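Please examine the sequence and the model shown below. The paragraphs that follow lead from the overall form to single residues.

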Amino acid sequence: MDASLASLVTAPTLIAVCLLFALPTAGCGDTPPPPPPPEGNTGLAARYPGDAGIENDPAVVFHDGFEDCRTTADLPRKWDVIYNGEHLRITEEPANVNGGRRALEITIPKQENSLSVDVGRTLANTRDVLFLRFYTKFQKGYDVPRTSSHNGGSMSAGYYPGGAATPGKRADGRNKFLASFETEIVSPGGPPAPGPLNIYIYHPQQRSDYGDHFYPSGTVLPNTSLPHAFGPHFVPRPDFVPKLDRWYCFEYMLKANTPGQRDGRVACWVDGKLIADFPNLRFRDIDTLKIDRFGVGLFIAKNTARENKKWYDDVVAATSYIGPRVDAESK
Ligand SMILES: [Ca+2]
């Protein structure tokens, strides 16, 4: 049994011992617990009501509220990757805008063929840690067949060599990693659309050729009977299905590990509340593999149920916690 497998087996036992003797779990692991993530309006966005001027913050890598986009022809000013842009639209319908007057709308027509509609940004300065915050809304009535779909934000390293995605090719610690914050319709229990939030993740210990799904509760897909490897400090949280026809502030952090250590981490927030925290992760075995791209989008492998729309607004990428947009009028 190697060391990683041993820790995987003994972690639940350690937690049980800690609980039994009411000991602080901090003393039970091989490593101290990671610091608690910030929450609420304690991030950098609180200093920029309405996100005005947020792009000038030294921690901010990227900002787009789509206010400068009259049409999708203006998107390349900030986004250098646009997939199937004919299915994108800049909307000015107030209900479909979160901040300001404009937002990004994605429409997947009712059809048999798979379709990916995305905007992405390649990072000139690659990163070990990145936070991605975006507001998003699923259309009222949104529903997709119980098959492959991706519908949120993504951050990745080496996932797009030469610009082409590499689904079905395993991460090996040297070639790539990816973590996407999205919902999954093919989830245990047959949940309603859009399915519960989860992290879709390519990492060196992924369980199949495609990405694993990490749920806030600690469930991992595929092979759910296998225990997770989030270590002794993992805190399970309730799984959560977002409502349709409602804007949410989604944010997540991807922290790549130090090669040789399991100090990688993904944390997720909804409307400033921490809803998932996955410590003890290994993304890479070499420190030259760094986050080189992020984006938002919608992919549906077989959209035969109905036409589906999704909206995005107020996207920020930064090297520290961002937090929700603070209302300019309430300050
Ligand atoms: Ca906007």
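Helices and strands are DSSP runs numbered from the N terminus, a helix being H or I over at least four residues and a strand being E over at least two. The model is predicted, so local features are given only where pLDDT is at least 70 and side-chain atom pairs count only at pLDDT 80 or more, while totals for chains, interfaces and linings use all residues. Residues are numbered from 1 along each chain as its sequence is written.

Along the principal axes, the C-alpha atoms fill a box of roughly 60 × 45 × 35 Å. An automatic or database domain assignment supplies the domain bounds: domain 1 covers 1-33 and domain 2 covers 50-326. Their C-alpha centres lie 31 Å apart.

The interior may be considered next. A residue is buried if 20 or more other C-beta atoms, placed from the backbone, lie within 10 Å of its own, exposed if 12 or fewer, and partly exposed in between. Of the 331 residues, 41% count as buried. A nonpolar core is a set of buried Ala, Val, Leu, Ile, Met, Phe, Trp, Tyr and Cys residues joined through C-beta atoms within 7 Å. The largest such core has 71 residues, of which I199, L254, V266 and C268 touch the most other members. Two residues are in contact if their C-beta atoms, placed from the backbone, lie within 7 Å. Leaving aside neighbours within four places in sequence, C268 is in contact with F181, L197, I199, Y252, I275 and A276.

Some details of the backbone remain. A cis peptide bond, with omega about 5 degrees, joins A193 and P194, and P194 is placed in the loop between β9 (177-183) and β10 (197-202). Another cis peptide bond joins L221 and P222, with omega about -5 degrees; P222 is found in the loop between β12 (220-221) and β13 (248-255).

The loop between β12 and β13 also holds D245, which has a positive phi of about 55 degrees although it is not a glycine. Is D245 buried or exposed? D245 is exposed, with 12 other C-beta atoms within 10 Å. N280, in strand β15 (residues 273-281), likewise has a positive phi, near 65 degrees, in a residue other than glycine. N280 counts as buried, with 23 C-beta neighbours inside 10 Å.
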